Amino acid sequence: MIASTVALTVNGRAHALAVPRDAPLLNILRNDLGLNGPKYGCGLGECGACTVLVDGIEARSCVIPVGGVEGRAITTLEGLGRDGELHPVQQAFIDCQAAQCGYCLNGMIVSTVALLERIPQPTEQQARDALAHNLCRCGTHLEILQAVQRAAVLMAPR
């Protein structure tokens, strides 16, 4: 793997990194940029622990080569909040105590943000469908679904 300069915009900040273009985006986010929100889970894009937003669309960073997202806006869990405030989805997950071990939370939260951008007031079934490919081993599914509904309320126009 030969390193070349890759220009990335992550959480609104521009970066020029000398990295192999075929390196997984997840590795660059964690190892080069120190962003630990996205987790390494399965390495196959199946579990959702590594989910990020690429131009507002959820994507599995463990299977995306960094060269494939050059020039696109990448948002990680760390980039969701603004001005020191949590994103409403992050707050809803806290409010509903939607975590045990926390390993799935990155994917659940980022996927919920993407869902609520598409469907601001999802039904329970729409939330289930949107999160179906984010694996949670601890069994906090009910609290996670409550958090999705709570986030929809927090994000609703006043």
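**Around helix α3**

Buried here means under 20% relative accessible area with a 1.4 Å probe, protein chains only, and helices are DSSP runs of H or I with at least four residues, strands being E runs of at least two, numbered from the N terminus. This is a predicted model, where local features need pLDDT of at least 70, side-chain atom pairs count only at pLDDT 80 or more, and totals for chains, interfaces and linings use all residues. Residues are numbered from 1 along each chain as its sequence is written, and side-chain values use heavy atoms, with hydrogens and water left out.

The buried stretch of α3 includes Leu105, Met108, Thr112 and Leu116. Among the elements covering these buried residues are β3, β4 (57-60), α2 (88-95), α4 (124-131) and α5, with contact meaning heavy atoms within 4.5 Å.

Now look at the partner helix. On the α3 side, Met108, Thr112, Leu115, Leu116 and Glu117 meet Ile144, Val148, Ala151, Ala152 and Met155 of α5.

Over at helix α1 (residues 25-32), the buried residues are Leu25, Leu26, Ile28 and Leu29. They pack against β1 (3-10), β2 (13-20), β3 (51-54) and β5 (73-75). After α1 comes glycine 34, with a positive phi near 65°.

How values were computed: Buried means under 20% relative accessible area, exposed over 50%, partly exposed in between (1.4 Å probe, protein chains only).
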